[in-house]
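Dear colleague,

I am passing on a structure for you to look at, and my notes on it follow below. Please keep it open beside the text while you read.

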Amino acid sequence: MKNELERISGEKFELVLIKTQGDQITNKPLWQLEGKDFFTKELDEALLAGEVDLVIHSYKDLGSERPAGIKLAAVTERRFAHDILLIPQKNVDALKNWSGDFIVGTSSPRRIVNLTRSLNEYIPGKPTIKCETLRGNINTRIKKLQDGQYHAITLALAGIERLAHTEKSHAELSELLAGMNYLVLPQSTFPSAASQGALGIEMQEGRNDGGKLFGYISKLAHPRTVEEVYRERKAFKEYGGGCHLAVGIHVRQIGDTFLNVHAGEVDGKRIDKKWLENSNHPKVTGKLFVGLPFGSEPGIVYDEYLEKKPEAKQLTLDKKHLFVTSRYCVDTLKNSTKPQGLWAAGTKSLRDLVAQGFWVNGTSDSLGTDDLVALKSSKALKIIHPHLDESWNVLTHHMGTSDLGEVIGCYERVEKHVTPEYHQKLKEVGACYWTSFPQYQAFMLKFPELSHAHHFCGLGKTWQEFQKAGVRVHTVASMEEFYSLGK
């Protein structure tokens with residue numbers, strides 16, 4: 001931010017480093033301490049006393065009630081809002097035959113609740129997850145992991161990323177991350193803290209400079225981030241707020257709507273919410289069709305027309321990052337050399353890969369590839385994976401395309417004979433959920449009567465291809481939301 005302000009203004013800015021109570025008290029979790037504003041009080045005092053001109057906060061540290069005389073001048077563009085699980089590679093290698101608890105270091109009630117509930121589905125071997133207290137600055141926490149005090153730790157990716165941007169801290173981080181691997185935790189299951197990844201810049205409200213400083217700072221404001229974190233902080237306050245709150249809250253703007261994800265616990269009650277704002281779905285009559293080959297939901301018509309036939313290609317993937325779009329790509333993955341990094345299209349494909357014993361570094365969360373394109377530019381992740389920002393390989397259907405790199409087709413769709421009974425079921429369908437746009441096209445060609453049904457899909461590439469083709473489609477935040485249309 002200092003560099004950006006100097007670029008915008010042509011003036012010089014000086015960094016003043018201030019230690020806060022939150023920095024100094026590291027022997028207890030914050031939620032066990034008395035009081036509030038652990039990371040802001042000393043900064044507030046310096047700002048109000050005129051000792052500094054502006055203060056830059058991790059926005060998630062700012063409470064909803066701020067001292068009189070201080071105003072928020074800008075919320076900057078959010079980068080890397082995810083949490084990240086850091087794990088020594090030796091522990092990754094040992095997971096297939098793991099015995100006993102798998103100890104994850106964190107002091108966040110939100111992380112504790114969601115990690116103990118779901119993490120074992122996202123790492124090989126499905127060990128029992130146990131969380132133990134972890135405090136200190138980022139370097140201290142990673143050092144404790146290196147020393148073997150934990151099997152893995154969870155941090156905010158944004159915090160690590162900020163340390164990777166200056167020469168001295170990058171060098172220190174490089175030493176600490178030697179021999180590490182990671183999992184960028186999907187927001188759909190492990191939503192981050194409200195406003196995580198964004199910076200808030202504050203200044204004195206009554207500053208007497210004719211609005212000069214505010215004019216500089218306001219140029220760093222990012223409207224989309226402001227809209228997202230406004231919704232997150234509003235929900236955070238409605239849940240009661242505070243360091244003790246065990247709910248992750250993440251909001252993402254997609255097109256002209258916002259995807260909201262909440263997960264955790266409040267007063268012992270499980271919270272699992274995922275919805276799109278202002279979704280006005282049509283009234284559905286008739287059966288529901290889902291473009292999967294099978295499922296456990298009663299009364300659903302599944303895809304008995306298109307069969308996916310995998311191939312087992314042999315690929316040399318050394319130093320490559322690999323994006324896997326489907327479980328039908330596993331045969332090729334098993335037949336190839338080990339890639340430097342492995343990524344999945346969604347949480348289901350991630351879990352499918354993990355069940356086969358693969359370590360997966362992250363997922364696009366079924367929302368297209370925007371997050372992965374951004375992660376490719378991460379200076380912190382590149383310390384661990386030096387080839388991260390190079391062209392990836394993408395395992396997908398023969399006709400697939402990707403902005404991540406070279407597409408390698410490793411399965412194809414084959415038309416099957418369908419029975420008159422199945423055809424009759426399709427005639428009774430009132431709404432369809434498509435897993436790809438080519439699937440929609442194939443069904444429309446073979447079963448044109450489906451054109452009268454309402455068409456639905458998720459929020460990723462399928463939706464983008466429907467939009468490009470000018471075909472009207474409704475979006476849902478989850479399969480559960482689609483299933484509810486028939487109830």
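At what angle do helix 6 and helix 8 pack, and how far apart are their axes? Before the answer, please note that this is a predicted model, in which local features need pLDDT of at least 70, side-chain atom pairs count only at pLDDT 80 or more, and totals for chains, interfaces and linings use all residues. Residues are numbered from 1 along each chain as its sequence is written, and side-chain values use heavy atoms, with hydrogens and water left out.

Helix 6 (residues 138-146) and helix 8 (residues 167-176) pack at about 20°, and their axes lie 10 Å apart. Helix 6 is therefore roughly parallel to helix 8 (a term for angles under 35 degrees). Where the two helices touch, N139, I142, K143 and Q146 of helix 6 meet E172, L173, E175 and L176 of helix 8, contact meaning heavy atoms within 4.5 Å. Of the residues in this contact between helix 6 and helix 8, three are nonpolar, two are polar and three are charged.

Now to the cysteines. The structure holds zero disulfides, a disulfide being a pair of cysteine sulfur atoms within 2.5 Å. C329 is in no disulfide, and the nearest cysteine sulfur, which belongs to C410, is 3.5 Å away. C410 is likewise in no disulfide, with the sulfur of C329 as the nearest cysteine sulfur, 3.5 Å away. C329 is buried, with a relative accessible area of 0%, where buried means under 20% relative accessible area (1.4 Å probe, protein chains only). C410 is buried too, with a relative accessible area of 0%.

Best wishes

Definitions and conventions. Axes fitted to C-alpha atoms, helices over the stretch in contact; angles between N-to-C directions. Helix = DSSP H or I, 4+ residues; strand = E, 2+ residues; numbered from the N terminus. Parallel < 35°, antiparallel > 145°, perpendicular 65-115°, else oblique. Nonpolar A, V, L, I, M, F, W, Y, C, P; charged D, E, K, R; others polar. Buried < 20%, exposed > 50% of the residue type's maximum accessible area, 1.4 Å probe, protein only.
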